[in-house]
Each structure stands twice: as C-alpha cells, then as structure tokens.
Amino acid sequence: MKSEPPLGALSLNAPIKQAAELKDVTSTLAETPLVSPQGSMATVARPTSKIITLSPVLELDPNAQPQVRSSRPPITMMEILKQAKLEEAERQATGGANMDRVLKALEQALSQSWNPPPVKEVPVLQRDVRLQFIIGRDGTVLQAEVTKKSGASALDESVTQSAKTLKKISESLPSSFPKDRYTVEVNFHIE
C-alpha cells in the first residue's frame, strides 16, 4: 500500500524543469527598474513624504513658559506622570471641549497647501520646521509664526508660503471652548 508523503515534504519524483524554462538570473535583474542592462545602478526618484504633527500649546499660567504636549509615547514613569498632568491641564484649558475636529481641519488645510521641495535637495538634519498657529473662534488663522527654522531655505520658504496662503480652516472652535483663540504648534517634516 502506497502512502502519501507528509504535508510540506519534498517529493523526489517531481519533474525537473527543462533548461529552456529556466530564466537567467542576470536577465531577470536587468528587467527590474533599479538595474540597467549594463549593470549600473539607476536612480529612482521617489516623491517627498510630508509629515505634519500638531501639538496644542497649553497656556496655563500667563507668567509661565507655554508647554507643548509631546506626540511621542512616554518612556519613563516621570514622563508618564508629566504627560498625565499635561493632559489634565489640556482638559482644563479647553473646558473639556473636544478639539480633534479643529486639529484635523488645520492638518488637512496645511497638507493641501504645503508643497515641499524635493527631499534630495534638503540635508537630512535640516528637514524640520516648526510654526505656531493661533486660530480664532470662527476658524480664522489670526497668526502663524515660525518658531524653529530648518536651516534649509527651500524648506523654510515652502512652509512659510503654506502658512501665508492659509487664512481660515473649515472648522470653528467648539462653543464649549472657553477662550477666543486656540494655539497650536505644528511641526513640518519631510523624508
């Protein structure tokens, strides 16, 4: 009685492919977009990735330095406690208002209006620009100020131009928000 080989077992009776059916490895590599037939590496231009990160600025004490909540997860217990305090302060500062729609509207508007330079034109250590936006109750951009330049004039100019074109976002501040203006720090990054 003939038994079936176990699943995943290699059968030695499998037909061997004819040489004509096998493809030369060199010709296969030559057909890929990264290698030319002469064997030299071809450069493939990839699009610039835009990353926009928003962080509400908490104005807790008029005499104190404004604090920005970090977008990265906390690592130490001290960072966890600090993050919890900032989140509580943010809840108090916003009167419990949900600001997600305002932040999303600002992020979308900036993403649509920002046209960064090609990533290959900007040095790796100069790919971040930070702006502070002040949004009025009706969604009007009251102020946009560069708080950290990248050092790459093309990137700085692209971010500044984006901020200049943005006059109003599609959302107004929630009626439960206790203040007339909302301050947000925005980090622009390319890679």
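In which strand does Q143 lie? I located Q143 in strand β4, residues 141-148.

**Entry 1. Basis of the model**

I note that this is a predicted model, in which local features need pLDDT of at least 70, side-chain atom pairs count only at pLDDT 80 or more, and totals for chains, interfaces and linings use all residues. Residues are numbered from 1 along each chain as its sequence is written, and side-chain values use heavy atoms, with hydrogens and water left out.

**Entry 2. Q143**

I looked up the exposure of Q143 and found it partly exposed, at 35% relative accessibility. I use buried for under 20% relative accessible area, exposed for over 50%, and partly exposed for in between (1.4 Å probe, protein chains only). Leaving aside neighbours within four places in sequence, Q143 is in contact with Q132, F133 and I134; contact means heavy atoms within 4.5 Å. The side chain of Q143 also makes a polar contact of 2.9 Å with that of E145. A polar contact is a pair of N or O atoms within 3.5 Å; within protein, one must be able to donate a hydrogen and the other to accept it, and residues adjacent in sequence count only if both atoms are side-chain atoms. From Q143 to A163 I read 9.1 Å, C-alpha to C-alpha, across 20 residues of sequence.

**Entry 3. The chain as a whole**

I recorded four helices and five strands in the protein chain. From the N terminus on, the order of elements is α-β-β-α-α-β-β-α-β. Helices (H or I, at least four residues) and strands (E, at least two) are DSSP runs, numbered from the N terminus. Of the 191 residues, 30% count as buried. Among contacts with a separation of 6 or more, 74% are between residues 24 or more positions apart. The accessible surface comes to about 13400 Å², and 55% of this belongs to carbon and sulfur atoms; such areas come from the Shrake-Rupley method with a 1.4 Å probe, and for residues only the protein chains shown count as cover.

**Entry 4. Helix α2**

I checked the length of α2, residues 77-93: its 17 residues should span 24 Å at 1.5 Å a residue, and the end C-alpha atoms are 24 Å apart, which agrees. The expected span is 1.5 Å times one less than the number of residues. Buried in α2 are Q83, L86, A89, E90 and A93. They cover an arc of only 125 degrees around the axis, which puts them on the same side of α2; the arc is that of the directions from the helix axis to the C-beta atoms. M77, K85 and Q92 are exposed on the face turned away from the buried side. Just after α2, G95 takes a positive phi of about 65 degrees.

I repeated the check on α3, residues 100-113, where 14 residues should span 20 Å and the end C-alpha atoms are 20 Å apart, in agreement. V102, L103, A105, L106, A109 and L110 are buried in α3. Seen down the axis, these buried residues fall within an arc of 160 degrees, so they line one face of the helix. The face turned away from them carries the exposed residues D100, R101 and Q112.

Which residues have the most contacts inside the largest nonpolar core? I found L106, F133, V186 and F188, in a core of 31 residues. A nonpolar core is a set of buried Ala, Val, Leu, Ile, Met, Phe, Trp, Tyr and Cys residues joined through side-chain atoms within 4.5 Å. At least two residues of this core come from each of β1 (50-58), α3, β3 (128-136), α4 and β5. The largest share, six residues, comes from α3. Beyond its neighbours within four places in sequence, L106 is in contact with L54, F133, I135, L166, I169, V184 and V186.

I placed S162 in helix α4, residues 153-165, and found it buried, with a relative accessible area of 1%. Not counting residues up to four places away in sequence, S162 touches L110, S113 and W114. With S113, the side chain of S162 makes a polar contact of 2.7 Å.

I found E171 in the loop between α4 and β5 (181-190). E171 is partly exposed, with a relative accessible area of 22%. Leaving aside neighbours within four places in sequence, its contacts are R101, V102, A105, D138 and G139. The side chains of E171 and R101 are joined by a polar contact of 3.3 Å.
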